[in-house]
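Biologist: Please take a close look at the inside of this model with me. I would like to know how residues meet there and where space is left.

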Amino acid sequence: MPATASFEVQPPRDTPHGSPQPADSGPHTVNLAYERTGSGAPLLLLHGIGHHHQAWDPVRHVLAAERDVIAVDLPGFGTSPALPSEFTYDAVTVASVLDAFCRSLGIERPHVAGNSLGGLLALELGRRGRARSVTALSPAGFWTERERAYAFGTLRAMRLGALALPLPLIDRLSRSGPGRAALTSTIYARPGRRSPEAVVAETLALRNATGFEETLAVGREAGFRHDVAEVPVAIAWGTKDRILLRRQGVRAKRTIPGARLVRLPGCGHVPMNDDPALVSRVILDTSR
């Protein structure tokens, strides 16, 4: 069962509307849900927009054999509540929240693996020296404007579908291979591998994500343009990613020349489901 960490974070100096905070604006309490398993060096797992920490379930037991694995629901996703109104959902702010979350657990610099939005956040933590290593699976932030518009349009369509479908229909679709493909083939190359229960849960996670719209709104300005030279970095991309096209991995490699660029054959945008053994190996190798 997920635990909840409650900790204090200082809000950013600017409000979401760009005006400065009052001089006496103090720290705010943030709550994040997470699951922690295994032993060894700490490894923080960050999911993508509209998902939840259970996205990592296909690889968690393998990783936990060698790592102290912390899979967290990002603010406004899964069972983690939205951020206080003084906070925005940009990568810099959310990375600060995640750093404070780790400190609340007594962890200073974990290894970090992230997918999509989580990959962007993992790179931001690495950039600021708050990660021991970074594994970014199809990370956001290396798109052209046209590619970003396509990705955001696809994500909005997925969200609208999750909002529109009645729960009995979601449950019925989840019980067949074609139905699971209809619900999840945008993010998985092998949707039949997901259990009916997992498909229902992640469809509802997308529907109920309180941070979805604000994250997408600030994402219009999101882009990662920094080198991450001080820690090991692996950037891995599925050859069947239908949301962030794999050519973005080449741009990521140009931005972070020291990164290891890994091809994930036959994997979609959320590769942990499509090839758990390969994804686990990439993460463990990077976090040695």
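**A close look inside**

Modeller: Let's begin with G249, which touches W237 and L261 once residues up to four places away in sequence are set aside; touching, or contact, means heavy atoms within 4.5 Å. Before going on, please keep in mind that this is a predicted model, in which local features need pLDDT of at least 70 and side-chain atom pairs count only at pLDDT 80 or more, while totals for chains, interfaces and linings use all residues. Numbering runs from 1 along each chain as its sequence is written, and side-chain values use heavy atoms, with hydrogens and water left out.

G249 belongs to helix α9, residues 248-255 (helices, H or I with at least four residues, and strands, E with at least two, are DSSP runs numbered from the N terminus). With a relative accessibility of 1%, G249 is buried (buried is under 20% relative accessible area, exposed over 50%, partly exposed in between, for a 1.4 Å probe and protein chains only). Along the chain, G249 and G238 are 11 residues apart, and 9.6 Å separates their C-alpha atoms.

You can look at two other buried residues in the same way. S174 is in helix α5, residues 167-174, and its relative accessibility is 0%, so S174 counts as buried. Beyond its neighbours within four places in sequence, S174 is in contact with R180, L183, P196, V199 and V200. V279 lies in helix α11, residues 276-286, and is buried too, at a relative accessible area of 1%. Leaving out neighbours within four places in sequence, the contacts of V279 are V59, L137, L264, P271 and M272. The C-alpha atoms of V279 and L244 are separated by 17 Å, and the two residues are 35 places apart along the chain.

Next come the rings. The whole structure holds 4 aromatic pairs (rings of Phe, Tyr and Trp, the last by its six-membered ring, pair if their centres lie within 6.5 Å; planes under 30 degrees apart are stacked, over 60 edge-to-face, the rest tilted). In one of them, F7 and F101 have ring centres 6.1 Å apart and planes at 50°, so this pair is tilted. It connects distant parts of the chain, 94 residues apart: F7 is in strand β1 (residues 3-9) and F101 in helix α2 (residues 91-104). F7 is buried with a relative accessible area of 6%, and F101 is buried with 0%. W143 and F152 make an edge-to-face pair, because their ring centres are 5.5 Å apart and their planes meet at 90°. Here W143 is buried at 17% relative accessible area, and F152 is buried at 8%. Through ring pairs, F7, Y34 and F101 also form a cluster.

Now for the space between the atoms. The largest pocket has a volume of about 430 Å³. It is lined by 26 residues, of which A91, L120, V218, G219 and A222 are the closest to its centre. On a 1 Å grid over the protein atoms alone, a pocket is an open set of points with protein on both sides within 12 Å along at least five of seven lines, a cavity is a set where a 1.4 Å probe fits but cannot get out, and lining residues have an atom within 4 Å of a point. Points are joined across faces, edges and corners, and a volume is the space filled by probe spheres set on them. At least two lining residues of the largest pocket come from each of α2, α3 (117-127), α4 (145-164) and α8 (212-219).

The second largest pocket holds about 360 Å³ of space. Among its 25 lining residues, M158, L183, I187, E202 and L206 are the closest to the centre. The elements giving two or more residues to this lining are α4, α6 (177-184) and α7 (196-207), and α4 gives the most, with 5 residues.

Finally, there is 1 cavity of 30 Å³ or more, and the largest cavity has about 60 Å³ of space. Its lining is made up of L74, P75, F77, Y89, D90, A91, V94, L117, L121 and T215. Both α2 and α3 supply at least two residues of that lining.
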